[in-house]
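Here are my notes for a first look at this model. Have it open beside you and take the points in order.

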Amino acid sequence: MIVPGETLWLTLIGLPTASALAGAFVRPGLAERIARAASLVTLVAALLLLVGPSRGSAGGILGWDAMSDLFAVLVAALYALSTWDSARYLGSVRASALSPSTYYALLGGFAAAMLATLAVSDLALMWIGLEATTVVSALLVMYDRRPASVEAAWRYVLIASGGLAVGLFALALLYGEAGSLDAFALAAHPPAWTPALALVVALALVGFGTKVGLFPMHAWLPDAHSEAPAPVSALLSGALLPTALYVFLRIYDLVPPTGALGLRELVVGVGALTALVAAFLTFGQRSYKRLFAYSSMENMGIALVGIGLGGIALYGALLLLVAHAFAKSSAFACSGTALQTTGTSRIDSVRGFGRRSPRTGALWLLSGLAVTGTPPFGSFAAELVILTGALAQGAYGVVAALVVTLGVAFAGVNYPLGRMVLSRAESPELPSEATESWLSTIVPGIALGVALAVGLGSIPYLTGALRIAAGGGFP
Amino acid sequence: MAVGPAQATLLLGVAILLTALYLQTESFVGPQIRAIALQSLLLGGLLTVLAAEQGSLVLAILAGLTVGIRALLLPYTLTRQAAAFRLPERELRAGRRVRGHALAAVLLAVVGGGLYLEVIGPAFGHPDGVIPFLLLLEGLLLMASRSNALVRVIAYLEEENAVVLLGALMAAGFPILVESVVLLDLFGVVLTAGFLSLHRTATGVPEEGFVEELTG
């Protein structure tokens, strides 16, 4: 039975919204159960999108295609993983600015805002959805009410909202130039390419790029990702950054393949620079969550390079977003366990973690490898495809920059991770006996398994969905 | 001498720009809230002129929403927040650097205006977009140069005013649905920022705070 796309999309937005509303009124235990059930049904609805019709609209407000479907699966999966990992985390928070019920309400609202961004056809409505994610997720970032987390949330709201205002300015210019903000109509019948449209895309790169964490507008990203509760960090990194990139992708659809007044080169350049800067910034980090935040920035930079190059590199970029989301979800889940176990996020203070928590330690190490493009994880295949696309276009400078980036990021992430997990010395923060529970390994285990399956090409429908989303036209 | 719609639009636009320059030179929070309210009121007036000139109901509704939410409700909320959270009524650092801020704001207006009129405006065929463009730049400068929580929210409001002005001048207004939701969203951002300000003050982060965990 094929469920109509409209029903599925309304379910995708409606269930997290209902969970958010319920969370605001019920006691914590019930809010948790409702959130878990809602996240699972949302995931099932998203997966059904992959086997159903891939394009449609409803009443002019909703609009979707294969690309929206793919991103919806990503958001729904990360929402489910984060929701199921939350109870374990919340149990360890001593002081909080919000009740657990409010936490689940905000988590549902966060997912609903991201899914609504993906479900609409109007770029201005996408902007509204994206801005709504800022409002909701900022409150989640400051959940444990430490000075650092409150300050991180504050910076996040200001920088992301300020950047998105530039994005809205770009949309106003676009509306004046093209007379429409319907992303699908504009893609089907693009207006004649002019310097004015080039300015629109450049401003959109700055505006929406702020939310993606592109250099040099990235200042909020390491703060928010490192200070948020671990399940929220996973959602920010694996779902929110791709959602913001999705909105830029819709605007980038306006750029012609040739004669784009240097726009494609600009996008590829910003992507490569972001990846390179982030890779070098992984060195010298004192917090392991901050380390993974810079790794997210690096991956978004590489994905932007693929988007800028287009063709098969776009396929690689989409594959990278999928693989990175699951790998990073695992990395942050393990980071949350490490934080609970040791009470510190300082890299220098954690030694011998693998001896006390061998399963989490192993998953943590593998997650580090998975987010830095190590075979056989999905990010390796994705980065290989992007490099192939760059080589095919003769972009040798980009290839060189990416190779350096990958090497630096691999060392920058995995060396400190190895020291924390494999070191023979044990930090005094560790408990004297192993306290690891199987529960703490379920979510990272599943997420890492998906990242691996993506790399092995063993997820049904995924390759086809990626190919359709990237526009096909390549072997 | 009668003032036509074009002259009225220009006058109101210049007045809006002057409020933006004033915001850069003011270090007391109270006058800044009143200045952003005045800027929004002028924006509402400009939208009313455009609505009358074009006979546009959409722009008339937008003018009403702008005055109601941007000129009255949001400044009222900000005033309540400033009082309730006991935020510093004056930015000390900004108070010492007020002349530098004023100079930077004027320079930005001159350079940005030249850039728009010579390069961007001709590309779009809309020289009247220069005022919203400058307003956006001044909003970004205010955001970057200040550390007081509420002043940064005011800077964000100024950026949003620039977007509304651009939409009205160049695109005959965004679709009204979008404008309405953007206004609601704006309210959400202001409330969230206020909530965060409360906790920021309560957790002891100073106005020019340094948090060791957020370095690197």
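1. What A:Thr102 touches. Leaving out residues up to four places away in sequence, A:Thr102 is in contact with A:Gly23 and A:Ala24; two residues are in contact here if their C-beta atoms, placed from the backbone, lie within 7 Å. A:Thr102 sits in helix H4 (residues 100-119) of chain A. Helices (H or I, at least four residues) and strands (E, at least two) are DSSP runs, numbered from the N terminus. A:Pro28 is 74 residues from A:Thr102 in sequence, yet their C-alpha atoms are 8.2 Å apart. A:Thr102 counts as partly exposed because 19 other C-beta atoms lie within 10 Å. The cut-offs: buried takes 20 or more other C-beta atoms within 10 Å of the residue's own, exposed 12 or fewer, and partly exposed falls in between, with C-beta atoms placed from the backbone.

2. Ground rules. This is a predicted model, where local features need pLDDT of at least 70, side-chain atom pairs count only at pLDDT 80 or more, and totals for chains, interfaces and linings use all residues. Residues are numbered from 1 along each chain as its sequence is written, while chains are lettered from A and ligands numbered from 1 in the order in which they are written.

3. Chain A overall. Chain A has 19 helices and 2 strands. Its radius of gyration is 21 Å, close to the 23 Å that the globule rule gives for 475 residues, so chain A is as compact as a globular protein of that length. (That radius is taken over C-alpha atoms, and the rule is 2.2 Å times the number of residues to the power 0.38.) Along the principal axes, the C-alpha atoms fill a box of roughly 70 × 50 × 45 Å. Of the 475 residues in chain A, 64% are buried. Take the contacts in chain A between residues at least 6 apart in sequence: 82% of them join residues at least 24 apart.

4. Chain B overall. Chain B is built with 8 helices and 0 strands. Of its 216 residues, 50% count as buried. For contacts between residues at least 6 apart in sequence, the share joining residues at least 24 apart is 73% in chain B. Have a look at helix H7 (residues 149-170) of chain B too: 21 of its 22 residues are buried.

5. Where the chains meet. The contact takes 41 residues from chain A and 37 residues from chain B. On the chain A side, helix H5 (123-141), helix H6 (147-178) and helix H8 (195-212) each supply at least two residues. H6(A) gives the most, with 19 residues. By type, the chain A side divides into 26 nonpolar, 7 polar and 8 charged. For the sorting, Ala, Val, Leu, Ile, Met, Phe, Trp, Tyr, Cys and Pro count as nonpolar, Asp, Glu, Lys and Arg as charged, and the others, Gly among them, as polar.

6. Helix H13 of chain A. H13(A) (residues 312-342) has 29 of its 31 residues buried, so it is largely enclosed by the rest of the structure. After H13(A) comes A:Gly343, with a positive phi near 75°.

7. A:Leu369. Buried or exposed, what is A:Leu369? It is buried, because 20 C-beta neighbours lie inside 10 Å. A:Leu369 belongs to helix H15 of chain A, and its contacts beyond four places in sequence are A:Thr374, A:Phe377 and A:Asn414.

8. Most residues other than glycine have a negative phi, and most peptide bonds are trans. A cis peptide bond joins A:Phe215 and A:Pro216, with omega about 5°; A:Pro216 is in the loop between H8 and helix H9 (220-227) of chain A. Another cis bond, again with omega about 5°, links A:Pro375 and A:Pro376. A:Tyr461 has a positive phi, near 75°, and lies in the loop between helix H18 (439-456) and helix H19 (462-469) of chain A.

Definitions and conventions:
Axes fitted to C-alpha atoms, helices over the stretch in contact; angles between N-to-C directions.
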